[in-house]
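Dear colleague,

Please find below the sequence and structure that I am handing over to you. My findings follow directly after them.

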Amino acid sequence: AARSDSNYDVLIVSDTPEEIRKTVSRHPLGRKIELIACTPDELHDMERNDEELAKKLEDGVVMWGSTW
């Protein structure tokens, strides 16, 4: 769930989500980001188990990479 005090809700799918979390936490914008970092398999599970999240992701903007 998005924090009410975050400026940006960001989902990053990566084979190394822990590295993504570390990088974002050290960046000055890290405090303004509500980050979800997950593997492709974790994303698939989230979409399958949460229809509302799947719809939000479908309506979101892909900034870089494929649309799966």
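How many helices and strands does the secondary structure of the protein come to? The model, which is a predicted one, has 3 helices and 2 strands. Along the sequence these elements follow the pattern β-α-β-α-α.

I begin with the strands. Strand β1, residues 8-13, pairs with strand β2, residues 33-38, in the parallel sense, and 6 bridges join the two. Tyr 8 has Ile 33 of β2 as its bridge partner. Between β1 and β2 the chain passes through helix α1, residues 17-26, in a β-α-β crossover that is right-handed.

The other two helices pack against each other. For helix α2 (residues 40-49) and helix α3 (residues 51-59), the angle is about 115 degrees and the axes lie 5 Å apart. On the α2 side, the contact is made by Leu 43, Met 46, Glu 47 and Asn 49; α3 contributes Glu 51, Leu 53, Ala 54 and Leu 57. By residue class, this contact of α2 with α3 comprises 5 nonpolar, 1 polar and 2 charged residues.

Some totals for the protein may also be of use to you. Of its 68 residues, 15% are buried. The accessible surface is about 5,700 Å², and carbon and sulfur atoms account for 53% of that surface. As for contacts between residues at least 6 apart in sequence, 63% of them join residues at least 24 apart.

Yours sincerely,
A colleague

Definitions and conventions. Residues numbered from 1 in each chain as written. Predicted model: local features only at pLDDT ≥ 70, side-chain atom pairs only at ≥ 80, totals over all residues. Heavy atoms only, no water. Axes fitted to C-alpha atoms, helices over the stretch in contact; angles between N-to-C directions. Helix = DSSP H or I, 4+ residues; strand = E, 2+ residues; numbered from the N terminus. Contact = heavy atoms within 4.5 Å. Nonpolar A, V, L, I, M, F, W, Y, C, P; charged D, E, K, R; others polar. Buried < 20%, exposed > 50% of the residue type's maximum accessible area, 1.4 Å probe, protein only. Areas by Shrake-Rupley, 256 points an atom, 1.4 Å probe, with all protein chains shown as cover. Pairing = 2+ DSSP bridges. Right-handed = clockwise from strand over helix to strand, strands pointing away.
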